Amino acid sequence: MFRRIDKAADTVAITFDGIPMRVDIELTVAAALLSQGISTLRTSVVGDRPRAPYCLMGVCFECLVTIDGVQNRQACMTVVRDGMAISSQSGARSLDEGC
Amino acid sequence: MALRKIEDLHLLDREYDLAIIGAGPAGMAAAAQAAAAGARTILLDENPAPGGQIYRSIERNSPARRAFLGKDYWKGKGVLKAFLQCDAAYLPQALVWSVEQGETDGKVSVELRVSAGGKSSIVHARRVVFATGAMERPMPVRGWTLPGVMTIGAAQIALKSSGLVPDGRVVLAGSGPLLYLFADQLLQAGGNLVALLDTTPRSNWAKALPFLPPFLVSPYLLKGLALLAKVRRSVPVFNDIKAIEIIGQDRATAIRFQAKGRTEEIDIDSAFLHQGVVPNNSLANATGCLLAWNDRQKCFQPELDTRGRSSLPAIYVAGDGGGIGGALVAEVGGRIAALAACLDLFPEKARRIGPLLAKHEKRRRVLSRGRTFIDTLYQPAATFRAPTDLETIACRCEEVTVGAIRDAAARNVVGPNQLKTMLRCGMGPCQGRMCTATITEILADVQQRSPADIGTYRLRTPIKPVPLREFASLPLTPDAVQAVTGDHSDRS
């Protein structure tokens, strides 16, 4: 959905749903995934419909993902870190982990 | 002197004179001003770097690298420099999720609950300035929840902070100064903008005309006109758009709209929506500051005196979070609120602070010229504030439709808070940020009451979801212990 017009000094390795990728160091998780052509990060809680980052400034909560095992993290407010494991969410979060 | 960046919550002082929340123009200016006046100052901000949204990534960007961001953006370098050189503490990537005003021996103070790096802590301050900025007014249209649809503000953030340009065919839709500013930035950055849909009602021009004279001296006039002309030369612009629908199954593939009585459809890869900005007042609302309806800007904002003091005497609000005025007005507003708080804390410094306050108040009057014209011209059309398409989703989190809200409104639901318990609108993780404006406007429309009378959601802390383990690890107050155990002794 987006392409980068300039490059950062360095990259980090992350995974999204198990797929490894290298992304620029200065990006948020949401920006990093958008730069890789990934926009659908979860499905909605009631209707199970695809959802993507919407506001990129921390107010809409559309970009919720699981980061390193912690559910419902705001991808747009979290900066990528080397080794970060990100996964998409399906519907509501579950109660048994990461609360 | 230089700003002291704090990396860990343990390194916080026990108490500060002034805490400032938000590192946009208002917050940065407030910190610089308060520190210069001798206040022990801390600024807490949710983002990793200063700038807020308007000056996002200003520290890292340069005209050489991203010239297309424009002159108004580079003005942020001035206030950034003052902030970086000031004698204050700065805690980035910190979410202030609760603020409580307390009183001991007749003296008010505040307690902030802050989450940073996976831990929460309590910060004490004698006064606080909320510089929480603006957020985009929701623009609920059919299909606005599809991937491929974002706000124009989001697209601009992606460009400013990540150098991301949308791939493929782009359409911008909505109203307000940002629409044309971003169109120009996008074109300069190499984006493929295929159409601009301007929803500004033609009738707004007649309403705004009486307010034109003060705008004629505004620095924004010539810039605005030049921008409009430039964008119109490069891109097809459709005016006075009455209805918009985004089409697609699992992502947006087309946008359908009505222009001059005809229905048009354009294939897209992405659409960006915008209906102006409203104060981001979640924290003020949850803290219990009184809010008032601004009928010209069609939003709720904290009730403030001329120097930014809210209905709670230890709490000040500066910048767009207290009422939309733009970056330059926000910067001056930050200085005024910080000085007013310092005057309150250090009455003995009145002789020094008084003239400074007068100077900045005068400057704010000058900078605010022409605002009424802009507000009136870009007042969003009723059809986008109180949508009538029953299938359109109003509450994105809980997927509550306009139809369900209109139906409940017709059954004489009392207000937004009762609607929450009936339909769950505003009960999802965004805590109503994305639907509260729409809910108020629909209730007002159906019940023929004023939005001021309808009111808005009563918010509670934490203002964003915080893990339970962070609550559990906070020190217990005697009141909290008593609430659970019935025991009056202090176990903290």
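**Interface and a lysine**

Modeller: Across the interface of chain A and chain B, 18 residue pairs are in polar contact, both at pLDDT 80 or more (N or O atoms within 3.5 Å, one able to donate a hydrogen and the other to accept it; residues adjacent in sequence count only through side-chain atoms on both sides). The model is predicted, so local features need pLDDT of at least 70 and side-chain atom pairs 80 or more, while totals for chains, interfaces and linings use all residues. Residues are numbered from 1 along each chain, chains are lettered from A in the order written, and side-chain values use heavy atoms without hydrogens and water.

Colleague: How many salt bridges are there between chain A and chain B?
Modeller: The count is seven, a salt bridge being a side-chain nitrogen of Lys or Arg within 4 Å of a carboxyl oxygen of Asp or Glu. E26(A) and R60(B) form a salt bridge, at 3.5 Å from N to O.

Colleague: And how many residues does the contact take from each chain?
Modeller: Chain A gives 38 residues and chain B gives 55, with contact meaning heavy atoms within 4.5 Å.

Colleague: Changing topic, is K160(B) buried or exposed?
Modeller: K160(B) is buried, that is, under 20% relative accessible area with a 1.4 Å probe, protein chains only. K160(B) has no salt bridge, and the nearest side chain of opposite charge, E136(B), is 10 Å away.

Colleague: What does the side chain of K160(B) reach, then?
Modeller: That side chain comes to 2.9 Å from the backbone oxygen of Q53(B). Beyond neighbours within four places in sequence, K160(B) also contacts other residues, including I54(B), R56(B) and Y73(B).

Notes
Buried means under 20% relative accessible area, exposed over 50%, partly exposed in between (1.4 Å probe, protein chains only). Lys and Arg count as positive and Asp and Glu as negative; His and the chain ends are not counted.
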